[in-house]
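Here is a short briefing to read alongside your viewer. Have the sequence and the 3D view open, and take the topics in any order you like.

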Amino acid sequence: KALCRAEVSMLPRYNAGLSEDEVRRRYNLTTIVKLGSNENPYGPSPQVKAGWAGLADRLGRYPDAGAALLRHDIARAHMTEVERVLVGNGSEQIIRLIAEAYLSSGDRVVTVRPAFGLHEIYPRMMGAEVDAVPVTAEATFDQAALLAAVKKPLKILMFSNPSNPVGCMMTGADLSELIEACPQDALIVVDEAYREYAEEDPNYPDARALLEKQGRPWIILRTFSKAYGLAALRIGYALTSSEEVASVLDTVRDPFNTNMPAQIAASAALADVAYMKDCIRKGIAERERMAKALRELGFFVAPAWTNFVFVRTTQGAAQLADALLERGIIIKPWKEPGFENWVRISIGLPEENDTVLHALADLSL
Ligand code: PMP
(Lines give C-alpha, C1' and ligand atoms only; values in the text may rest on other atoms or scores of the structure.)
Protein backbone atom coordinates (compact mmCIF):
# COMPACT_ATOMS: atom_id res chain seq x y z
CA LYS A 1 0.00 0.00 0.00
CA ALA A 2 1.33 3.45 -0.87
CA LEU A 3 2.78 5.32 2.08
CA CYS A 4 1.79 8.69 0.71
CA ARG A 5 -1.56 10.42 1.30
CA ALA A 6 -4.45 9.04 -0.79
CA GLU A 7 -4.91 12.49 -2.38
CA VAL A 8 -1.34 12.34 -3.66
CA SER A 9 -1.50 8.80 -5.02
CA MET A 10 -4.59 9.75 -7.07
CA LEU A 11 -3.19 13.06 -8.31
CA PRO A 12 -2.81 13.61 -12.07
CA ARG A 13 0.67 14.83 -13.13
CA TYR A 14 1.13 18.28 -14.60
CA ASN A 15 2.39 18.04 -18.18
CA ALA A 16 5.17 20.63 -18.41
CA GLY A 17 6.13 19.50 -21.93
CA LEU A 18 9.59 18.79 -23.30
CA SER A 19 12.49 21.23 -23.21
CA GLU A 20 14.47 22.23 -26.30
CA ASP A 21 17.50 20.35 -24.98
CA GLU A 22 15.51 17.16 -24.49
CA VAL A 23 13.99 17.27 -28.00
CA ARG A 24 17.40 18.03 -29.49
CA ARG A 25 18.87 15.02 -27.68
CA ARG A 26 16.01 12.62 -28.44
CA TYR A 27 15.70 13.32 -32.16
CA ASN A 28 19.30 14.35 -32.79
CA LEU A 29 18.22 17.71 -34.21
CA THR A 30 19.92 21.09 -34.13
CA THR A 31 17.07 23.57 -34.68
CA ILE A 32 14.11 23.44 -32.34
CA VAL A 33 10.95 25.54 -32.58
CA LYS A 34 9.54 25.67 -29.06
CA LEU A 35 5.88 26.67 -29.09
CA GLY A 36 4.60 24.61 -26.19
CA SER A 37 4.81 26.89 -23.16
CA ASN A 38 3.41 30.31 -24.11
CA GLU A 39 6.69 32.17 -23.68
CA ASN A 40 7.63 35.56 -25.10
CA PRO A 41 9.86 34.72 -28.11
CA TYR A 42 11.51 38.15 -27.92
CA GLY A 43 12.77 37.54 -24.37
CA PRO A 44 13.11 40.20 -21.68
CA SER A 45 13.91 43.91 -21.83
CA PRO A 46 17.62 44.74 -22.36
CA GLN A 47 17.33 46.59 -19.02
CA VAL A 48 17.42 43.20 -17.29
CA LYS A 49 21.08 42.63 -18.21
CA ALA A 50 21.96 46.15 -17.10
CA GLY A 51 20.29 45.51 -13.74
CA TRP A 52 22.47 42.44 -13.25
CA ALA A 53 25.73 44.43 -13.34
CA GLY A 54 27.78 43.35 -10.31
CA LEU A 55 25.39 40.50 -9.53
CA ALA A 56 28.05 37.77 -9.72
CA ASP A 57 29.87 39.38 -6.80
CA ARG A 58 26.74 39.20 -4.64
CA LEU A 59 25.85 35.56 -5.25
CA GLY A 60 27.30 34.50 -1.90
CA ARG A 61 24.44 36.29 -0.12
CA TYR A 62 20.89 35.05 0.35
CA PRO A 63 18.26 36.97 -1.61
CA ASP A 64 15.96 39.36 0.26
CA ALA A 65 13.44 36.92 1.77
CA GLY A 66 10.74 39.59 1.68
CA ALA A 67 11.66 40.79 -1.84
CA ALA A 68 11.19 44.32 -0.53
CA LEU A 69 12.46 46.34 -3.52
CA LEU A 70 10.47 44.33 -6.06
CA ARG A 71 7.31 44.36 -3.95
CA HIS A 72 7.59 48.13 -3.60
CA ASP A 73 7.97 48.47 -7.38
CA ILE A 74 4.92 46.23 -7.94
CA ALA A 75 2.89 48.12 -5.33
CA ARG A 76 3.78 51.44 -6.95
CA ALA A 77 2.91 50.17 -10.45
CA HIS A 78 -0.50 49.00 -9.20
CA MET A 79 -1.16 51.84 -6.76
CA THR A 80 -1.67 49.44 -3.87
CA GLU A 81 -0.02 48.89 -0.49
CA VAL A 82 3.18 46.84 -0.41
CA GLU A 83 1.63 44.71 2.36
CA ARG A 84 -0.98 43.49 -0.14
CA VAL A 85 1.65 42.20 -2.61
CA LEU A 86 3.25 38.74 -2.46
CA VAL A 87 5.84 37.34 -4.86
CA GLY A 88 6.25 33.69 -5.79
CA ASN A 89 8.59 31.31 -7.58
CA GLY A 90 6.43 31.67 -10.64
CA SER A 91 2.74 32.40 -10.16
CA GLU A 92 2.33 28.61 -10.10
CA GLN A 93 3.90 28.60 -6.64
CA ILE A 94 1.30 31.11 -5.49
CA ILE A 95 -1.48 28.81 -6.72
CA ARG A 96 0.04 26.14 -4.50
CA LEU A 97 0.27 28.55 -1.54
CA ILE A 98 -3.40 29.44 -2.00
CA ALA A 99 -4.36 25.74 -1.97
CA GLU A 100 -2.19 25.01 1.07
CA ALA A 101 -3.41 28.01 3.03
CA TYR A 102 -7.13 27.88 2.26
CA LEU A 103 -8.20 24.35 1.33
CA SER A 104 -9.07 21.40 3.54
CA SER A 105 -10.38 18.00 2.61
CA GLY A 106 -13.90 18.20 1.17
CA ASP A 107 -13.82 21.93 0.33
CA ARG A 108 -15.28 22.77 -3.06
CA VAL A 109 -13.41 24.64 -5.79
CA VAL A 110 -14.95 25.80 -9.06
CA THR A 111 -12.81 26.26 -12.15
CA VAL A 112 -13.23 25.74 -15.89
CA ARG A 113 -12.35 22.88 -18.24
CA PRO A 114 -9.99 22.77 -19.97
CA ALA A 115 -7.98 24.82 -17.46
CA PHE A 116 -4.41 25.54 -16.51
CA GLY A 117 -3.60 22.14 -14.94
CA LEU A 118 -2.43 23.45 -11.59
CA HIS A 119 -5.78 25.18 -10.91
CA GLU A 120 -7.11 21.66 -10.49
CA ILE A 121 -4.05 19.70 -9.30
CA TYR A 122 -3.10 21.80 -6.24
CA PRO A 123 -6.67 21.95 -4.83
CA ARG A 124 -6.99 18.18 -5.31
CA MET A 125 -3.64 17.69 -3.58
CA MET A 126 -5.26 19.26 -0.51
CA GLY A 127 -8.28 16.94 -0.76
CA ALA A 128 -10.63 19.55 -2.20
CA GLU A 129 -13.30 18.65 -4.72
CA VAL A 130 -12.88 20.42 -8.02
CA ASP A 131 -15.90 21.23 -10.14
CA ALA A 132 -14.51 22.12 -13.59
CA VAL A 133 -17.14 23.71 -15.83
CA PRO A 134 -16.54 22.86 -19.51
CA VAL A 135 -16.31 25.65 -22.06
CA THR A 136 -19.01 25.86 -24.73
CA ALA A 137 -18.79 24.18 -28.16
CA GLU A 138 -17.75 27.61 -29.52
CA ALA A 139 -14.75 27.60 -27.12
CA THR A 140 -16.06 30.38 -24.87
CA PHE A 141 -16.68 30.47 -21.10
CA ASP A 142 -20.07 28.89 -20.31
CA GLN A 143 -21.53 31.71 -18.24
CA ALA A 144 -24.84 29.97 -17.45
CA ALA A 145 -23.09 26.81 -16.26
CA LEU A 146 -20.56 28.82 -14.22
CA LEU A 147 -23.38 30.81 -12.55
CA ALA A 148 -25.09 27.55 -11.60
CA ALA A 149 -21.82 26.04 -10.30
CA VAL A 150 -20.95 28.93 -7.96
CA LYS A 151 -24.39 28.92 -6.33
CA LYS A 152 -23.56 25.69 -4.45
CA PRO A 153 -21.32 25.86 -1.34
CA LEU A 154 -17.96 27.12 -2.52
CA LYS A 155 -14.58 27.85 -0.98
CA ILE A 156 -12.66 29.10 -4.02
CA LEU A 157 -13.53 30.21 -7.55
CA MET A 158 -10.30 30.13 -9.57
CA PHE A 159 -9.78 30.51 -13.29
CA SER A 160 -7.61 32.38 -15.75
CA ASN A 161 -8.87 35.32 -17.77
CA PRO A 162 -8.00 35.22 -20.60
CA SER A 163 -8.13 31.45 -20.46
CA ASN A 164 -5.23 29.09 -20.82
CA PRO A 165 -5.52 26.91 -22.91
CA VAL A 166 -8.66 28.11 -24.70
CA GLY A 167 -7.62 31.73 -25.19
CA CYS A 168 -11.13 33.08 -24.59
CA MET A 169 -11.89 36.21 -22.56
CA MET A 170 -14.57 36.82 -19.94
CA THR A 171 -16.08 40.30 -20.30
CA GLY A 172 -16.53 42.74 -17.42
CA ALA A 173 -20.30 42.25 -17.45
CA ASP A 174 -19.97 38.47 -17.13
CA LEU A 175 -17.22 38.63 -14.51
CA SER A 176 -19.28 41.06 -12.46
CA GLU A 177 -22.33 38.81 -12.63
CA LEU A 178 -20.27 35.72 -11.76
CA ILE A 179 -18.59 37.31 -8.74
CA GLU A 180 -21.94 38.55 -7.44
CA ALA A 181 -23.37 35.04 -7.71
CA CYS A 182 -20.59 33.59 -5.48
CA PRO A 183 -21.23 33.11 -1.76
CA GLN A 184 -20.04 36.16 0.18
CA ASP A 185 -17.31 34.21 1.99
CA ALA A 186 -15.82 32.52 -1.09
CA LEU A 187 -12.29 33.43 -2.14
CA ILE A 188 -12.13 34.64 -5.75
CA VAL A 189 -8.85 33.99 -7.59
CA VAL A 190 -8.48 35.55 -11.04
CA ASP A 191 -5.30 34.38 -12.75
CA GLU A 192 -4.24 37.12 -15.16
CA ALA A 193 -1.11 35.42 -16.53
CA TYR A 194 -2.00 36.61 -20.07
CA ARG A 195 -3.61 39.92 -19.12
CA GLU A 196 -1.19 42.04 -21.17
CA TYR A 197 -2.35 40.34 -24.40
CA ALA A 198 -6.02 41.13 -23.67
CA GLU A 199 -6.11 44.45 -21.84
CA GLU A 200 -6.35 46.64 -24.94
CA ASP A 201 -9.77 45.11 -25.62
CA PRO A 202 -12.40 47.48 -24.17
CA ASN A 203 -14.39 44.47 -22.96
CA TYR A 204 -11.47 43.08 -20.92
CA PRO A 205 -12.42 43.70 -17.30
CA ASP A 206 -10.61 45.62 -14.62
CA ALA A 207 -11.05 42.60 -12.33
CA ARG A 208 -9.50 44.38 -9.38
CA ALA A 209 -11.96 47.29 -9.53
CA LEU A 210 -14.89 44.85 -9.80
CA LEU A 211 -13.62 42.76 -6.88
CA GLU A 212 -12.80 45.78 -4.75
CA LYS A 213 -16.39 46.98 -5.05
CA GLN A 214 -17.62 43.67 -3.60
CA GLY A 215 -15.72 43.87 -0.32
CA ARG A 216 -14.85 40.18 -0.18
CA PRO A 217 -11.55 38.26 -0.22
CA TRP A 218 -9.84 38.05 -3.61
CA ILE A 219 -6.45 37.38 -5.20
CA ILE A 220 -5.27 38.43 -8.65
CA LEU A 221 -2.30 36.49 -10.05
CA ARG A 222 0.22 38.03 -12.42
CA THR A 223 3.45 36.70 -13.89
CA PHE A 224 6.76 37.87 -15.33
CA SER A 225 6.95 34.66 -17.42
CA LYS A 226 4.79 35.75 -20.36
CA ALA A 227 4.68 39.38 -21.54
CA TYR A 228 7.84 40.28 -19.58
CA GLY A 229 9.84 37.39 -21.08
CA LEU A 230 11.35 36.07 -17.83
CA ALA A 231 10.01 32.49 -17.77
CA ALA A 232 13.45 31.03 -16.96
CA LEU A 233 13.70 32.97 -13.71
CA ARG A 234 10.44 31.76 -12.14
CA ILE A 235 8.82 34.85 -10.75
CA GLY A 236 5.22 36.01 -10.45
CA TYR A 237 3.07 37.90 -7.97
CA ALA A 238 -0.27 38.20 -6.25
CA LEU A 239 -2.30 41.33 -5.59
CA THR A 240 -4.67 40.69 -2.70
CA SER A 241 -7.84 42.18 -1.25
CA SER A 242 -6.18 42.88 2.12
CA GLU A 243 -3.02 42.72 4.12
CA GLU A 244 -4.62 39.78 5.91
CA VAL A 245 -4.91 37.64 2.74
CA ALA A 246 -1.29 38.40 1.79
CA SER A 247 -0.20 37.54 5.31
CA VAL A 248 -2.02 34.19 5.20
CA LEU A 249 -0.14 33.28 2.00
CA ASP A 250 3.09 34.57 3.50
CA THR A 251 2.69 32.17 6.43
CA VAL A 252 2.92 29.13 4.13
CA ARG A 253 5.52 30.65 1.78
CA ASP A 254 9.03 29.17 1.70
CA PRO A 255 11.19 31.96 3.20
CA PHE A 256 13.58 32.38 0.26
CA ASN A 257 11.10 31.47 -2.47
CA THR A 258 12.41 33.89 -5.11
CA ASN A 259 16.07 34.33 -5.98
CA MET A 260 18.23 37.43 -6.28
CA PRO A 261 18.67 37.49 -10.11
CA ALA A 262 14.90 37.06 -10.52
CA GLN A 263 13.99 39.87 -8.11
CA ILE A 264 16.40 42.29 -9.85
CA ALA A 265 15.27 41.25 -13.34
CA ALA A 266 11.59 41.59 -12.50
CA SER A 267 12.06 45.16 -11.24
CA ALA A 268 14.02 46.07 -14.38
CA ALA A 269 11.42 44.47 -16.67
CA LEU A 270 8.54 46.19 -14.87
CA ALA A 271 10.21 49.57 -15.42
CA ASP A 272 10.48 49.07 -19.19
CA VAL A 273 6.82 49.20 -20.17
CA ALA A 274 7.60 50.39 -23.72
CA TYR A 275 9.62 47.24 -24.47
CA MET A 276 6.88 44.99 -23.06
CA LYS A 277 4.15 46.75 -25.06
CA ASP A 278 6.20 46.37 -28.24
CA CYS A 279 6.43 42.59 -27.65
CA ILE A 280 2.66 42.47 -27.12
CA ARG A 281 1.97 44.42 -30.31
CA LYS A 282 4.18 42.09 -32.37
CA GLY A 283 2.78 39.01 -30.62
CA ILE A 284 -0.84 39.97 -31.30
CA ALA A 285 -0.12 40.75 -34.97
CA GLU A 286 1.55 37.34 -35.35
CA ARG A 287 -1.31 35.61 -33.53
CA GLU A 288 -3.86 37.08 -35.93
CA ARG A 289 -1.72 36.06 -38.91
CA MET A 290 -1.38 32.51 -37.52
CA ALA A 291 -5.09 32.17 -36.72
CA LYS A 292 -6.02 33.21 -40.27
CA ALA A 293 -3.44 30.89 -41.87
CA LEU A 294 -4.51 27.95 -39.69
CA ARG A 295 -8.16 28.53 -40.61
CA GLU A 296 -7.14 28.56 -44.27
CA LEU A 297 -5.53 25.17 -43.69
CA GLY A 298 -8.95 23.95 -42.50
CA PHE A 299 -8.51 23.97 -38.73
CA PHE A 300 -11.04 25.38 -36.26
CA VAL A 301 -9.15 28.04 -34.28
CA ALA A 302 -10.72 29.38 -31.10
CA PRO A 303 -10.79 33.21 -30.97
CA ALA A 304 -7.81 34.18 -28.77
CA TRP A 305 -6.88 37.05 -26.44
CA THR A 306 -3.52 35.45 -25.57
CA ASN A 307 -0.05 34.63 -26.94
CA PHE A 308 -1.23 31.24 -28.20
CA VAL A 309 -4.06 29.66 -30.18
CA PHE A 310 -6.18 26.62 -29.31
CA VAL A 311 -6.79 24.57 -32.41
CA ARG A 312 -9.14 21.67 -33.15
CA THR A 313 -7.65 19.05 -35.43
CA THR A 314 -9.32 16.23 -37.29
CA GLN A 315 -6.85 13.67 -36.00
CA GLY A 316 -5.77 12.92 -32.44
CA ALA A 317 -3.88 15.78 -30.81
CA ALA A 318 -1.14 13.51 -29.46
CA GLN A 319 -0.54 12.04 -32.91
CA LEU A 320 -0.22 15.49 -34.51
CA ALA A 321 2.06 16.75 -31.72
CA ASP A 322 4.31 13.68 -32.14
CA ALA A 323 4.54 14.20 -35.90
CA LEU A 324 5.62 17.82 -35.33
CA LEU A 325 8.04 16.81 -32.58
CA GLU A 326 9.92 14.59 -35.02
CA ARG A 327 10.51 17.77 -37.02
CA GLY A 328 11.75 19.63 -33.95
CA ILE A 329 8.51 21.56 -33.33
CA ILE A 330 7.14 21.51 -29.78
CA ILE A 331 3.41 22.23 -29.28
CA LYS A 332 1.04 21.07 -26.53
CA PRO A 333 -1.60 18.41 -27.21
CA TRP A 334 -4.67 18.15 -24.95
CA LYS A 335 -5.60 14.84 -23.35
CA GLU A 336 -8.73 15.52 -21.31
CA PRO A 337 -11.92 13.73 -22.37
CA GLY A 338 -13.73 15.87 -24.93
CA PHE A 339 -10.57 17.77 -25.91
CA GLU A 340 -8.39 14.95 -27.30
CA ASN A 341 -8.42 16.61 -30.73
CA TRP A 342 -7.20 20.00 -29.52
CA VAL A 343 -3.67 21.35 -29.55
CA ARG A 344 -2.32 24.61 -28.18
CA ILE A 345 0.25 26.43 -30.29
CA SER A 346 2.18 29.33 -28.76
CA ILE A 347 2.96 32.28 -31.01
CA GLY A 348 6.68 32.45 -31.78
CA LEU A 349 8.89 34.59 -33.98
CA PRO A 350 7.49 35.10 -37.52
CA GLU A 351 9.93 32.56 -38.99
CA GLU A 352 9.06 29.99 -36.30
CA ASN A 353 5.37 30.43 -37.02
CA ASP A 354 6.06 29.92 -40.72
CA THR A 355 7.90 26.69 -39.91
CA VAL A 356 4.79 25.40 -38.09
CA LEU A 357 2.47 26.42 -40.92
CA HIS A 358 4.65 24.67 -43.50
CA ALA A 359 4.87 21.51 -41.39
CA LEU A 360 1.10 21.44 -40.86
CA ALA A 361 0.42 22.00 -44.56
CA ASP A 362 2.81 19.14 -45.31
CA LEU A 363 1.32 16.79 -42.75
CA SER A 364 -2.27 17.32 -43.87
CA LEU A 365 -1.47 16.57 -47.52
N1 PMP B 1 -1.34 30.65 -14.70
C2 PMP B 1 -1.58 30.38 -15.98
C3 PMP B 1 -2.96 30.55 -16.51
C4 PMP B 1 -0.54 29.93 -16.81
O5 PMP B 1 -0.78 29.63 -18.08
C6 PMP B 1 0.76 29.76 -16.27
C7 PMP B 1 1.93 29.26 -17.09
N8 PMP B 1 1.68 28.49 -18.15
C9 PMP B 1 0.94 30.06 -14.93
C10 PMP B 1 -0.12 30.51 -14.18
C11 PMP B 1 2.25 29.87 -14.26
O12 PMP B 1 3.16 30.82 -14.69
P13 PMP B 1 4.50 31.06 -13.92
O14 PMP B 1 4.61 30.05 -12.81
O15 PMP B 1 5.56 30.91 -14.94
O16 PMP B 1 4.38 32.47 -13.38
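Helices (H or I, at least four residues) and strands (E, at least two) are DSSP runs, numbered from the N terminus. This is a predicted model, in which local features need pLDDT of at least 70, side-chain atom pairs count only at pLDDT 80 or more, and totals for chains, interfaces and linings use all residues. Residues are numbered from 1 along each chain as its sequence is written.

**Backbone details**

- M79 sits in the loop between α4 (68-78) and β2 (85-88), and M79 has a positive phi of about 50 degrees although it is not a glycine.
- The loop between β5 (156-160) and α8 holds P162, and the peptide bond from N161 to P162 is cis, with omega near 0 degrees.
- P165 is also found in the loop between β5 and α8; a cis peptide bond with omega of about 15 degrees joins N164 to P165.

**Ligand shell**

- The ligand is surrounded by 13 residues, and the closest are G90, E92, T223, S225 and G236; a residue is near a molecule if its C-beta atom, placed from the backbone, lies within 6 Å of it.
- By class, this shell has 3 nonpolar, 8 polar and 2 charged residues (Ala, Val, Leu, Ile, Met, Phe, Trp, Tyr, Cys and Pro count as nonpolar, Asp, Glu, Lys and Arg as charged, and the others, Gly among them, as polar).

**Helix packing**

- Helix α8 (residues 172-181) packs against helix α10 (residues 207-214) at an angle of about 30 degrees, with the axes 10 Å apart (axes are lines fitted to C-alpha atoms, for helices over the stretch in contact, and angles run from 0 to 180 degrees between N-to-C directions).
- That angle makes α8 roughly parallel to α10, because angles under 35 degrees count as roughly parallel.
- G172, L175, S176 and I179 of α8 meet A207, L210, L211 and Q214 of α10 (two residues are in contact if their C-beta atoms, placed from the backbone, lie within 7 Å).
- The contact of α8 with α10 has 5 nonpolar, 3 polar and no charged residues.

**Domains**

- The protein is divided into domain 1 (6-44 + 274-363) and domain 2 (47-271), with bounds that come from an automatic or database domain assignment.
- Taken over C-alpha atoms, the centres of domain 1 and domain 2 are 23 Å apart.
- Their contact takes 32 residues from domain 1 and 31 residues from domain 2.
- On the side of domain 1 that touches domain 2, α1 (6-9), α13 (273-296) and β10 (308-312) each supply at least two residues, and the largest share, 5 residues, comes from α13.
- By class, that side of domain 1 has 19 nonpolar, 9 polar and 4 charged residues.

Terms used: Angles under 35 degrees count as roughly parallel, over 145 as roughly antiparallel, 65 to 115 as roughly perpendicular and the rest as oblique.
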